[in-house]
Amino acid sequence: MDQRKTIELDEGWDYMQKGITKLKRILEGKPEPQFCSEEYMMLYTTIYNMCTQKPPHDYSQQLYEKYRESFDEYITLSVLPSLREKHDEFMLRELVKRWGNHKVMVRWLSRFFHYLDRYFIARRSLASLNEVGLTCFHDLVYTELHAKARDAVIALIDKEREGEQIDRALLKNVLDIFVEIGMGKMDFYERDFEEYMLQDTSDYYTRKASNWILVDSCPDYMSKSEECLKKERERVANYLHSSSEPKLVEKVQHELLVVYQNQLLEKEHSGCRALLKDDKMDDLSRMYRLYNKIPKGLDPVATVFRQHIAADGAALVQQAEDAVASSQGGNAAGGQEQVLIRKFIELHDKYIKYVNDCFMNHTLFHKALKEAFEVFCNKTVAGSSSAELLSTFCDNILKKGGSEKLSDEAIEETLDKVVKLLAYISDKDLFAEFYRKKLARRLLFDRSASDDHERSILLKLKQQCGGQFTSKMEGMLTDLTLARENQTNFEEYLSNNPTVNPGIDLSVTVLTTGFWPSYKSFDLNLPAEMVKCVEVFKAFYETKTKHRKLTWIYSLGTCHINGKFEQKTIELIVSTYQAAALLLFNTSDRLSYTEIMTQLNLTNDDVVRLLHSLSCAKYKILSKEPNTKTISQSDYFVFNHKFNDRMRRIKIPLPPVDERKKVIEDVDKDRRYAIDAALVRIMKSRKVLGHQQLVSECVEQLSRMFKPDIKAIKKRMEDLITRDYLERDKENQNLFKYLA
């Protein structure tokens, strides 16, 4: 063909038709040699020439239309008839084959007509050759057959769900048509396939779930659900488009897990409560895995967890109550509090393991554990608050010969756990006060088993509750170290000054008032022997410092005195009070209650305790007239020369004073100050504040140490008004103002 001669449309198109027919025959699989490069070049050049001739021989527009007609004609005459005669899987195979051929045809033809794409289409903003080719398939094939194809695919998916083998590659290829026909958009896949597939999934699992929930136990039902979710994810990996995964999973979760959640968790012998009761860790982990992926899915599980722990804890408290009630005298004898705290610790160990292992440390379950423990850890047992029980528990671990025989590691571990329990107790200030009282006794009477453990728990308490919480206790430990040095210095002082002699062995513990609990200091009339000691020590102390005043706390002192009885001499270990009383009998044979009271300068209460311990208790050092079990003010006392004991040394205890009342009073007083301080602090920064807000901010500030009583706060507010720290607003009684 001579390229310089003008090519007419008919003539040129006839030539193109030959090439197109050859292409169709190749696609149909008929015997036909492939295109050689010469043929390809000739076809390309023909189009090029027909588009670059001078008007009116520029046939670009007509060729663009004929390009489209070539597809329409082929589809109408060959493709559609072959598809219409096939059904189900056979139709799907044919569709995949035809789509593959169609794409090849588009690729070849758009190469032949490439010149149109480069100039004509670009200038006129028309659809590209590729788009035109795909649109033909959409308009003629897809529109007619997509519904049939979709139904066939969904039917195969359901077959596979029922366990049949299906041709997954075929499904993948069919679904690729739904994606590719959108030319970069997912509209066709989503609208024409996915919506229907998701609806079918819902229907399928609705049927399954309604059956399973009746016959399966909770663990079996969960296993099936987990398996189904796994299979659906595999389905996406194998043939569905990846964008379907979240939607598909959501449908399955909804039908299997959301709809039946309550029924499943509440199943009588296998639901969440039963799994917790029977320690079914694996099933609980599965429950967590399934419901963790559902918005708010874990809430009901956490609620059951909380209720279950709270019930377990309440049962422990009840057991302790019953044990105390049945033990003699109804007091907490038999160390019930010890048992209870130990059980609380075991309970916490058990459930924190659930939180970590089954519930993957999820905050929701930490919160549930905390809320449950806060309920039963704040119950009183036989009139003792858990703050007191916990401090007694610590005391038993930390004192010499305590009821707990533990290794150092076990003690450390137990102290860790005690501090964790303390976190749940609302009256932390009450614990601190009881703890400080017991710590003082351990330190002053040399009952502490180990300095290291004492310091270790203070460090743990400091981390948990802040430095303010432990500052006094740390001061007490430091005081004792200093007191030991002081005693050594005193002994050196005595050996360097032989003229100064207290006459008896004396050791003095000097403490800083602010750190220690407050003790009553009476002006006990000391026996002469002791007066001398006090003077000697005072003289020594003044060489150290002039600015400190020594106050002697005789109620905490101990004396070793020799009792010369008829049988033998026995060393008596007694309190300073008891010693002072006994020494009176060196100069008098028989003394009345009143004489003893006057000579010692003590209160009635103290004299009764003192004389009872020496004449009515286990060791009767004094004989009492009349010989009754109680002390009365008309009694007389005589030194009992006949007293004997198989031991050479005996300790005569004073009956303990019930310190609980005093501790509670002290804490109440401190709380009043704390509330005052918090109210003033808040008002100082806010200047004006509503009643409700002031109360809630005050509660918020103090709740780290104790749960303030709302009535107490209101009372303190009134008190601050009378003391001119605050005033009520004239217009609005509910508004408070700060007065600087």
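Is Asp 724 buried or exposed? Asp 724 counts as exposed, at 55% relative accessibility, where buried means under 20% relative accessible area, exposed over 50% and partly exposed in between (1.4 Å probe, protein chains only).

1. Basis of the values. This is a predicted model, in which local features need pLDDT of at least 70 and side-chain atom pairs count only at pLDDT 80 or more, while totals for chains, interfaces and linings use all residues. Residues are numbered from 1 along each chain as its sequence is written, and side-chain values use heavy atoms, with hydrogens and water left out.

2. Overall form. The protein contains 28 helices and nine strands; these are DSSP runs (helices H or I, at least four residues; strands E, at least two), numbered from the N terminus. Its radius of gyration is 47 Å, whereas a compact globule of 740 residues would have one near 27 Å. That radius is taken over C-alpha atoms, and the globule rule is 2.2 Å times the number of residues to the power 0.38. Along the principal axes, the C-alpha atoms fill a box of roughly 155 × 65 × 60 Å.

3. Of the 740 residues, 45% are buried. Among contacts (heavy atoms within 4.5 Å) with a separation of 6 or more, 70% are between residues 24 or more positions apart.

4. The protein has 111 positive and 112 negative side chains, with the centres of the two sets 4 Å apart. Lys and Arg count as positive and Asp and Glu as negative, without His and the chain ends; each charge is placed at NZ of Lys, CZ of Arg, CG of Asp or CD of Glu. Side chains of opposite charge can pair when their charged atoms come close. The whole structure holds 63 salt bridges, each defined as a side-chain nitrogen of Lys or Arg within 4 Å of a carboxyl oxygen of Asp or Glu. One network of salt bridges links Asp 158, Glu 160, Arg 161, Arg 168, Asp 200, Glu 232 and Arg 235.

5. Individual pairs. In the salt bridge of Lys 86 with Glu 94, the closest N and O atoms are 3.7 Å apart; Lys 86 is partly exposed at 23%, and Glu 94 is buried at 9%. Arg 286 and Asp 283 pair with a closest N to O distance of 3.5 Å. Because these two residues are three apart in helix α13 (residues 281–292), about one helical turn separates them, and both are buried.

6. Arg 716 and Asp 719 form a salt bridge at 3.1 Å, N to O, and lie three residues apart in helix α28 (residues 710–722). Arg 716 is buried at 14%, while Asp 719 is partly exposed at 24%. Asp 724 belongs to the loop between α28 and β8 (726–728), and its phi is positive, about 60°, although it is not a glycine.

7. Backbone points to inspect. Most residues other than glycine have a negative phi, and most peptide bonds are trans. Asp 279, in the loop between α12 (272–277) and α13, has a positive phi near 55° and is partly exposed at 41%. Glu 625 and Pro 626 are joined by a cis peptide bond with omega about -5°; Pro 626 is in the loop between β4 (622–625) and β5 (636–639).

8. Asp 666, in helix α26 (residues 660–686), is buried at 14% relative accessible area. Leaving out residues up to four places away in sequence, Asp 666 touches Glu 433, Lys 437 and Ser 518.
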